[in-house]
Amino acid sequence: MHIIIDGYNLIRQSDALRRYERLSLEAGRDALTRSVSHYKKQRGHKVTVVFDGWQGGPVEEERDKLSGIDIIYSRKGEKADEVIKRMVQERSEEVVVVTSDRDIADFVSRRGGTAISSQDFDELMGRAKTAVNGHARHATEKLDKEEDDPTMGRVKRKGPSRRLSR
């Protein structure tokens, strides 16, 4: 599965990410990349984040890879929406597009892909992060209990303590 994310759309629909964007666009993009990379590590999907570069972006489309995530900046004069639509048309695998833009969501659905709202995906990322933190916390608590009680975690075996050589 390939997840394509409308970058600025997700940042502006997420309360947590929007706080970073208020500091700077770069801070918002970095926060999004960190969040998505945690999600990618847990789920293992191919992920591409597309950002608008149409107003002040480069003359050519720029591509980058950060924490296993493909990042695309649209070229000057081209919106991220157009890049996403092009990627959906050229797809060779199952595609899920993350956007709250109705025009893109309808386009993806007509092409046989799946669209998920930015708010819903933000919640998925939050649950994935909570699950990872919860598992780590549970493992840490278990280790702490075993250290307090030396008999915890040991299995009492029957029979000789050592195996005889043949």
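**A walk around Phe121**

Hi everyone, let's start at Phe121: leaving out residues up to four places away in sequence, Phe121 touches Ile3, Ile5, Leu10, Tyr39, Val98 and Ile116. Contact here means heavy atoms within 4.5 Å. This is a predicted model, where local features need pLDDT of at least 70, side-chain atom pairs count only at pLDDT 80 or more, and totals for chains, interfaces and linings use all residues. Residues are numbered from 1 along each chain as its sequence is written, and side-chain values use heavy atoms, with hydrogens and water left out.

Now, the aromatic pairs. The whole structure has three of them (ring centres of Phe, Tyr or Trp, with its six-membered ring, within 6.5 Å; planes under 30 degrees apart are stacked, over 60 edge-to-face, the rest tilted). Tyr39 and Phe121 have ring centres 5.0 Å apart and planes at 70 degrees, so this pair is edge-to-face. Tyr39 sits in helix H3 and Phe121 in helix H6, so the pair ties together parts 82 residues apart in sequence. Helices are DSSP runs of H or I, at least four residues, and strands are runs of E, at least two, numbered from the N terminus.

Next, Phe51 and Tyr73 are stacked, at 5.6 Å centre to centre with 20 degrees between the planes. Phe51 is in strand S2 and Tyr73 in strand S4, so they link parts 22 residues apart in sequence.

Are these two buried or exposed? Phe51 is buried, with a relative accessible area of 0%, while Tyr73, at 22%, counts as partly exposed. Buried means under 20% relative accessible area, exposed over 50%, and partly exposed in between (1.4 Å probe, protein chains only).
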